[in-house]
Amino acid sequence: MPTISIDKAALFKELGREYTTEEFDELCFEFGIELDEDTTDQDRPVVDGVQEPPQLKIEIPANRYDLLCFEGIALMLNIFLGRKALPDYKLVPPANGQLQEIIVKEDTTKIRPYVSGAILRGIKFDKARYESFIALQDKLHQNLARQRTLVSIGTHDLDTVQGPFTYEALPHKDIKFVPLNQTQEMNGEELMTFYEKHQQLSKFLHIIRDSPVYPVIYDSKRTVCSLPPIINGDHSKISLDTTNVFIEVTAVDRTKLEIVNRMVVTMFSQYTSEPFTIEPIKIVSEHNNETRVTPDIAPRTAQAEVSYINECCGLSLSPAEISNLLTKMAYRAKPSINNADSIDVEIPPTRADVLHQCDIMEDVAISYGFNNLPRSFPSKSGTVAQPLPINKLSDIVRVEAAMAGWTEVLPLILCSHDENFRWLNRKDDGNTAVKLANPKTTEFQVVRTSLLPGLLKTIRENKAHSVPMKIFEVSDVAFKDLSLERKSRNERHFAAAFYGKSSGFEIVHGLLDRVMSMLKSAFMTAEEGLNNPAIGDSQYYIKELDDPTYFPGHSASIHLRVGGKDHVIGAFGILHPTVLGKYELKYPVSTLEINIEPFL
Amino acid sequence: MASDLTNPLLDALSASEAPILSNEAFPSHPSSSVKSALDRLGSRQMVEYETLEKEVIVLTSEGEEIATNGSHEAKVFAAVVAAIDGLKISDLPGLVGKDNAKVGQGNAFKRGWIKKDNDKLRAATESIVDETREHLLTVQKTRALGDAKVLADLKRRKLIALSKEIAYKISKGPKFAREFVKEETDLTPEMIADGSWKTTPLKPYNFNAKGAPTTAGALHPLNKVRQEFRNIFFEMGFEEMPTNRYVETGFWNFDALFVPQQHPARDLQDTFYIADPLKADPPHEDPLSDPHRLKATQPASQATKDKPVDYQKYWDNVHEVHEHGKFGSIGYRYPWNADESLRLVLRTHTTSISAYVLHKLAANPRPARFFSIDRVFRNEAVDATHLAEFHQIEGVIADFGLTLGGLIGFMEVFFAKMGIHQLRFKPAYNPYTEPSMEIFGYHEGLGKWVEIGNSGMFRPEMLESMGIPKNMRVYGWGLSLERPTMIKYGVSNIRELLGHKVDLNFIETNPAVRLEKE
């Protein structure tokens, strides 16, 4: 969730009163934002000899782009408090009726196909407003625009350039200009090299760098306005003295393009010479049928059902009452004329998060106060309380192992490839383990296919503990399985490890016998198992195993016969000294690991 | 035992009418061995004693050395006298030692015992009295010295020190006897068989010591807390969901939950993607061999009402509701990409399983309650409160006509069962619930409101795509298992609770979990 920092005194002035930190925290809580910090009593940074005034750091829900700046928070809180009504945003074309234009060239479809824009006339910046204007663009770039990949904004001093503008896509060497705050002219290729090491901009270069053409916006005199989504030209940069601002927005996502444009113009049109007016521009884009006038700031109209809202909230409000509650959340709402169960709602251009009447319903509930809603208790249920069968089986094994004096541990499920294979003297046949594509460290390369690495690492980290250590885990491993939708499956394992001055081979063997007997499986010798298929319902036998994980001659495979079918369910043995070496263990270790799913 | 004073002590007592003093009767034994004999006899009421503490003067090791071999200056004088024709100053350290030479030469001059003759030292007197040694010998013998001035001087020179001496004044007890009879330590089968238990004295039990440590296995603390939560769910009629499936598809983990494909949660920075295997199938019926196939849990009479599940329709609905909007929603209006939906991920939440279970419920929509507690994975940088793995607790209630107040009311009962009685709810944002409420609980110990979970009603875009009817609403809520456990046990680092770095002693000694009891 984004956090924004705003000037406390300025906000309280806008809200018309002072709040204590607790009071303001409470207001935020009810409205659904979160006061993270009030820096009043903190050491605040001193810049140019002036200490930063107290700030409120507020966490904003990720879908409320209208709250990403001071102007938006002040406005929405004022509306919530009933101190202000939603402004009436207006599109006002220039006096001569001639709209400014951006003409879109077809080649832009190869890289960044959409453009939108607007003009704010007669804007009056001061330091705070100017900084807020820049900060809002930053926040939008970071969040909704996904680090400029989806959308990016360029703002220009309209009086330095001359429309109509063109939005083109050209080979990088053909684009030449002086980038923002630079003095030397460079072409697209040089610009990429120039910004490679730049702290902020370097991370955006990849968005277009390898494309044969770069998007670029020119004015009618071939002055480069911007090279989206990297940087604007220095020529048209805005300053505190700029009065007419040309906003261009480019995107690969049409929906987010218009949302971004709407956020910027609605938030800052309050500073224009005639507040809340925006001068539209015309986008000429014949090749993809995107010719239109932007921005579209008309409220979206929708109907919300009174019965649905009341049912979800557990209220019985009249349509008029619901309409009133909605005004506090910046809607314009009134009961529908023809339908008693309907409310006509105008969703303001600032509210991009409203997709469905459930969003409107939530705003009724917020406006009413979540904590004021009548409480009830849902008492009907068609399900019967029951555990998942494999979890119930696991619990039996866990409790039996613990009662037998073993300690349960809970290592991680992800591990390194080496821990899962090489360190256990196992080979990766490529068909076994689920491998991760993007781990941040080698600790998390594969989903374990065995519980042993976790047990051995637990012993390694507990060498200060007295010996013998007897530990176990009952949990899932995962295997590739191409027959399933998710191409993999979990398997529930039980594993135990003994670490001490003797090998503990017979001790883990004894634990196996104990668990088997608790799972009603009778022991038989391998010979009996091989020769006498009808010894009972569930039996197990063990056979000497040749497996490089274990010390030669000291390991066995474990065979379970259920319903006449034999399963190899696991193995136990003394670990091979080379395995101990890899896990930095100095005493012998015996381990046991079985798949318990056949017992289901 | 060489130092067993039990019988010597009884002997000494019987030889004396008056109480005896241990430091006089056993001057060469350390008081600890006297004490152990007294404890043994005292617990049997054979003797009584009181402890006497007094300050005594003792010699330091340097003091002991002087008492035995004389002072530094005396040694210097002896060396000078021994030299036939004076002693070269430079030879002195070699004869008496460097330290003795330095201090002793100065003191001997001061006392007028020696004089300097060019580079030689000569005796200035016939004989000397080594007072320092005399004083120290007196102290050694009597542990006292009359002259306070000398005493202070010796102390300054670190030749003597004050020490506490413990002595015992011992007298006969009510059960005094001349001899200490070794007692039996325990009741034995033989004693029961031959009746000797009637006459054999048993060693008294030490009621101040702990018993013998019992060997015990232990369950992991986090799993103990998990079991408490499972019990709460069972008490409230919930069925456990099949979460034994770590690998999910983008479809179930995100798209089905109406999480748009450009949502930051789907970034490589936050989600583990799978490199091998590479691509999933579109959703389809699980083969009978799938161990995680949801088993029918409803009565057979109900099962017949199940409609067949149409996976293709579900897939199309999800596509449509994201790209163009459907079911009364305008959707996210972006080109939805099937390949993104078929990418494999490690599940970032168990809500993917809730979606799977709710989709099955849509075959026969009926009131239902489900829960799960299992591991989830986030590609996060590891720190004190974040691990790449943790456990998510998730509850789901489906019913017709559910209200938001019902969710709040349910949470009050649910959290009261874990001892949290004051709740409040904050509007929040979550892509798959609307309304969404963060749950805050008042923590008595910390004296503040703490965020304890997230909850909400699943969005119609998610439910209606599955075929759940519009008037059926579904609550979902979740919290991590680790966070309440860390608060409960005051654990500040998550690695002390989950993973291979957990201390085995912590597991072995952690008390039973009783969530309702603060």
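Reader: How far apart do the end C-alpha atoms of residues 297–375 of chain A lie, and how much of the span is helix or strand?

Author: The end C-alpha atoms lie 39 Å apart, and the span is 37% helix and 20% strand. Helices (H or I, at least four residues) and strands (E, at least two) are DSSP runs, numbered from the N terminus. This is a predicted model, where local features need pLDDT of at least 70, side-chain atom pairs count only at pLDDT 80 or more, and totals for chains, interfaces and linings use all residues. Residues are numbered from 1 along each chain as its sequence is written, while chains are lettered from A and ligands numbered from 1 in the order in which they are written.

Reader: What makes residues 297–375 of chain A a "domain: B5"?

Author: The name comes from a record. UniProt, in an unreviewed entry, lists residues 297–375 of chain A under "domain: B5". UniProt positions follow the numbering used here, feature names are shortened, and annotations may be inferred rather than shown by experiment.

Reader: Why is chain A called more spread out than a compact globule?

Author: Start with its make-up: chain A has 15 helices and 33 strands. The radius of gyration is taken over C-alpha atoms, and the globule rule is 2.2 Å times the number of residues to the power 0.38. For 600 residues that rule gives 25 Å; chain A has 34 Å, well over it, so chain A is more spread out than a compact globule. Its C-alpha trace spans about 100 × 65 × 55 Å along its principal axes.

Reader: Why is chain B also called more spread out than a compact globule?

Author: Chain B contains 20 helices and 16 strands. Its radius of gyration is 43 Å, well over the 24 Å that the globule rule gives for 518 residues, so chain B is more spread out than a compact globule. Along the principal axes, its C-alpha trace spans about 125 × 80 × 45 Å.

Reader: What makes strand β9 of chain A largely enclosed?

Author: A residue is buried if 20 or more other C-beta atoms lie within 10 Å of its own, exposed if 12 or fewer, and partly exposed in between; C-beta atoms are placed from the backbone. In β9 (residues 151–157) of chain A, 6 of the 7 residues are buried, so the strand is largely enclosed by the rest of the structure. Over whole chains, 46% of the 600 residues of chain A count as buried, and 40% of the 518 residues of chain B do.

Reader: How do you know that β9(A) and β16 of chain A pair?

Author: Two strands pair if DSSP finds at least two bridges between them. β9(A) and β16 (residues 245–251) of chain A have 7 bridges and run antiparallel. T155(A) stands opposite I247(A) in β16(A).

Reader: Why is one side of β23 and of β29 of chain A left without a neighbour in the sheet?

Author: The open sheet has 8 strands of chain A, in the order β23-β27-β28-β33-β32-β31-β30-β29, with mixed pairing. β23 and β29 (522–523) stand at the edges with a single partner strand each, so one side of each has no neighbour in the sheet. Within the sheet, β32 (residues 565–575) and β33 (residues 589–595) of chain A run antiparallel, joined by 5 bridges. There G573(A) has T591(A) in β33(A) as bridge partner.

Reader: How many residues of chain A are in contact with chain B?

Author: Two residues are in contact if their C-beta atoms, placed from the backbone, lie within 7 Å. By that test, 85 residues of chain A are in contact with 91 residues of chain B. Those on the chain A side divide into 41 nonpolar, 23 polar and 21 charged. Ala, Val, Leu, Ile, Met, Phe, Trp, Tyr, Cys and Pro count as nonpolar, Asp, Glu, Lys and Arg as charged, and the others, Gly among them, as polar. Strands cross over too: β25(A) pairs antiparallel with β9 (residues 274–276) of chain B over 2 bridges.

Reader: Which residues have the most contacts inside the largest nonpolar core?

Author: They are V260(A) and A496(A), in a core of 248 residues. A nonpolar core is a set of buried Ala, Val, Leu, Ile, Met, Phe, Trp, Tyr and Cys residues joined through C-beta atoms within 7 Å. Helix α6 (residues 254–268) of chain A gives the most to this core, with 8 residues.
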